[in-house]
Amino acid sequence: MRLHSCVMKRELLFLLLLLHKSTAWSARERTRKEAKLLISLEHVLHRILTHTCAANNMSIFISTGYREDLPLPEQRLVERVLGKVLRRHSLDAQVPVVMDRKLRNPLNLHVQLMLFFVEDTQQFLRSVTGNAGATSTHKHKFLLVLLVKREQKASETYEKMSQIFRFMLHQRLNIDVLVLLAHLELATLKSYTFFPFGNECESFKPVTLPLQQALLTQLYPHKLHNLHGCPLQVIVWQVPPYIEIQPQLKDVQGWDAQLLKLLARKLNFRVELMANEPPDLVGGATHMNGSFTGAYEMLRQRRGNLTLGCAACLPARAKYLSNTVSYNTVEYIIVLPEGKPYSYYEIMLFPFNASTWLLLIVLSFICCIFRLFDAPRFRHLPSPVRLGCIMWLFVLRISYEGSIFKFVHNAPGRPLPQSLEQALQQDYDFIMDPSTHRSAAPVKGLSERSRAIPGLPVDMFDQLLQLPQGSRTGLLTSRDFLSYHLDRHREQLHRFVILDQKVLNNILCMHFPLGSYLARCFSNLLFGLQSFGVCRQLVKTPSWASAVPTTSTSKPPRGCDALRPAHDNPFAESMRFLHAAFIGLLFAEFVLILGIFLLELLSLHPQFRWLSWFFHRL
């Protein structure tokens, strides 16, 4: 028994010795692997800080959420990595670094790269939530160090990365994501990203990405040069000539539609049309408090990828949506109906103003006094005075006839206001479509004197012509809408007059959900097309608005006479004036004869004997 007990003790001691040696060997092996992984991770992060951040003047935010989410060994590993990277970085390259649990708003626009250390998807979601997000002009690039546990399968790791990529694409609309996969057991470090448009649309499959020199274009390559025929949902509405929707949303035509099709060919995507809600609404209303309607509310709810169609770049839209650079400029003007013509009887009195006519009446009255009283000193006037009177009457007669001829030849209408201020002073009211009414709201003094009429912008011209002639009402519209209307109704060219002073300019752009990854790609393409004049070449309709006279011109420009109706023939106008003059002369003779007859009849009465003396002296 004693011998057996000694053997058992020796065997137990041997086993304890083997277990101690294996445990010590495992600890040394784990320490060696962690040291290897630490060196690899520290080297990669240093290259990113040097070749990407420092070279492109980028600031970096490092989330300290790992101190609460990671286990203690992983926390120590991250602390050692960051300690070495930041110490080495402070000597080699000066890059601003922000370390905090959350990125606050004051520093949001000053940070370009965000670094996270996580173990799974939930930790990443907790770290991202609460950080200041993207704005309409600023987006962050994401760098994730995903620490993989020893017992984790490769399929589980790939699923975690796919979930991260799906969250970034759908929730943050961000495709600039790089994952550094740090395997603690194998001591390996690999980099992954995803390409949402490839063999399949909205792909979240992790793709190995060689770091190479860790340059910015190598870490975050361009992923939208070819969308491989994937669909993009475009919200449209009827607003000719920019967007003309075919029945059942089969196709769209118009200036902006041509631009959209050109972009679709360049980026290789398929257009899926979506009707605005409600469909008859042009665009939608936007307010600085975030109250949106129509297509812009649909974009805020991420029910579409983009919208266009004479959509102006406004501050409220830039605050809550992303937009491209301007690709067109719309000039808003005030269109007035042609001035009410002078009557032919007014024309005969038009050359002389009231003071001239008053002078003529006073002189005629003085001549009558001379004849009535037959004063001796006025009986024989000097010859130069009489000659001067004759010449003065001759000059008045020639001036009158010349003014009448010039007036008939030019055929002017009643004077119209030359500016918006004059129109407001003359109590003009203005009509416009609802979308233009929203755009003109900031114009001082215009909103109080304007009203919106239901309908499309190109329908407002018919509404203006239906108003009573002579009504003090103008139409706020753009030159493009006027050209489109006159191209289809050329007979109305002479019926409009443009106010000399333009009211405002609107720049047009495409709108996307806030922080959309498509905004920058479309913006770069539009900038190139705009720089080479391609956007303006898409407008093929003749500019009939330039043929419309302005309030400072007396008649339409040359080249428009062929479009004037027959009743604007100068010969016909002259004949009608002569007819009116003849009627006026007959009326004056009738009044004169009737007056003389009544006065002579009245002079037979005993109380009005002095009238006989008056006629005798006259």
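1. Strand pairing around strand 5. Leu-146 stands opposite Leu-181 of strand 5. Strand 4 (residues 141-148) and strand 5 run parallel and are joined by seven bridges. Here two strands count as paired if DSSP finds at least two bridges between them; helices (H or I, at least four residues) and strands (E, at least two) are DSSP runs, numbered from the N terminus.

2. Basis of the note. The structure is a predicted model, in which local features need pLDDT of at least 70 and side-chain atom pairs count only at pLDDT 80 or more, while totals for chains, interfaces and linings use all residues. Residues are numbered from 1 along each chain as its sequence is written, and side-chain values use heavy atoms, with hydrogens and water left out.

3. The other neighbour of strand 5. Strand 5 pairs with strand 6 (residues 188-193) in the antiparallel sense, over five bridges. In this pair Ala-182 stands opposite Leu-189 of strand 6. Four residues lie between the two strands of the hairpin, in which Ala-187 takes a positive phi near 60°.

4. Burial of strand 5. Strand 5 (residues 177-183) is mostly covered, seven of its seven residues being buried. Buried means under 20% relative accessible area, exposed means over 50%, and partly exposed lies in between (1.4 Å probe, protein chains only). In a regular strand the side chains alternate between the two faces of the sheet. In strand 5 both faces are covered: Val-177, Val-179, Leu-181 and His-183 are buried on one side, and Leu-178, Leu-180 and Ala-182 are buried on the other.

5. An open sheet of seven strands has the order 2-1-3-4-5-6-7, with mixed pairing. Its edge strands are strand 2 (97-100) and strand 7 (207-208), each of which pairs on one side only. Strand 7 runs antiparallel to strand 6, to which two bridges join it. Thr-193 stands opposite Val-207 of strand 7.

6. Cis peptide bonds. Most residues other than glycine have a negative phi, and most peptide bonds are trans. Pro-240 and Pro-241 are joined by a cis peptide bond with omega about 10°; Pro-241 is found in the loop between strand 8 (231-236) and strand 9 (244-245). Another cis peptide bond joins Glu-277 to Pro-278, with omega about -5°. Pro-278 has its place in the loop between strand 11 (270-275) and helix 8 (295-300).

7. Positive phi angles in loops. Which phi does Leu-249 have, although it is not a glycine? Leu-249 has a positive phi of about 55°, and its place is the loop between strand 9 and strand 10 (252-253). With 27% relative accessibility, Leu-249 counts as partly exposed. Arg-302, also not a glycine, has a positive phi of about 60° and lies in the loop between helix 8 and strand 12 (306-307). The relative accessible area of Arg-302 is 38%, so this residue is partly exposed.

8. A search of the whole structure finds four cavities of 30 Å³ or more. On a 1 Å grid over the protein atoms alone, a cavity is a set of points where a 1.4 Å probe fits but cannot get out, and lining residues have an atom within 4 Å of a point. Grid points are joined across faces, edges and corners, and a volume is the space filled by probe spheres set on the points. The largest cavity has a volume of about 70 Å³. Its lining comprises 10 residues, of which Trp-255, Asp-256, Tyr-327, Asn-328 and Cys-535 lie nearest its centre. Helix 7 (255-267) and helix 18 (534-537) each supply at least two residues of this lining, and helix 7 gives the most, with three residues. The lining divides into seven nonpolar, one polar and two charged residues. Ala, Val, Leu, Ile, Met, Phe, Trp, Tyr, Cys and Pro count as nonpolar, Asp, Glu, Lys and Arg as charged, and the others, Gly among them, as polar.

9. The second largest cavity. About 50 Å³ of space lies in the second largest cavity. Residues including Leu-45, Ile-60, Val-85, Leu-115 and Leu-143 line it. Helix 1 (2-54), strand 1 (60-63) and helix 3 (72-92) each supply at least two lining residues. The lining has 10 nonpolar residues, no polar and no charged.

10. Chain totals. The protein chain has 20 helices and 20 strands, and 41% of its 618 residues are buried.

Methods:
On a 1 Å grid over the protein atoms alone, a cavity is a set of points where a 1.4 Å probe fits but cannot get out, and a pocket is an open set with protein on both sides within 12 Å along at least five of seven lines; lining residues have an atom within 4 Å of a point.
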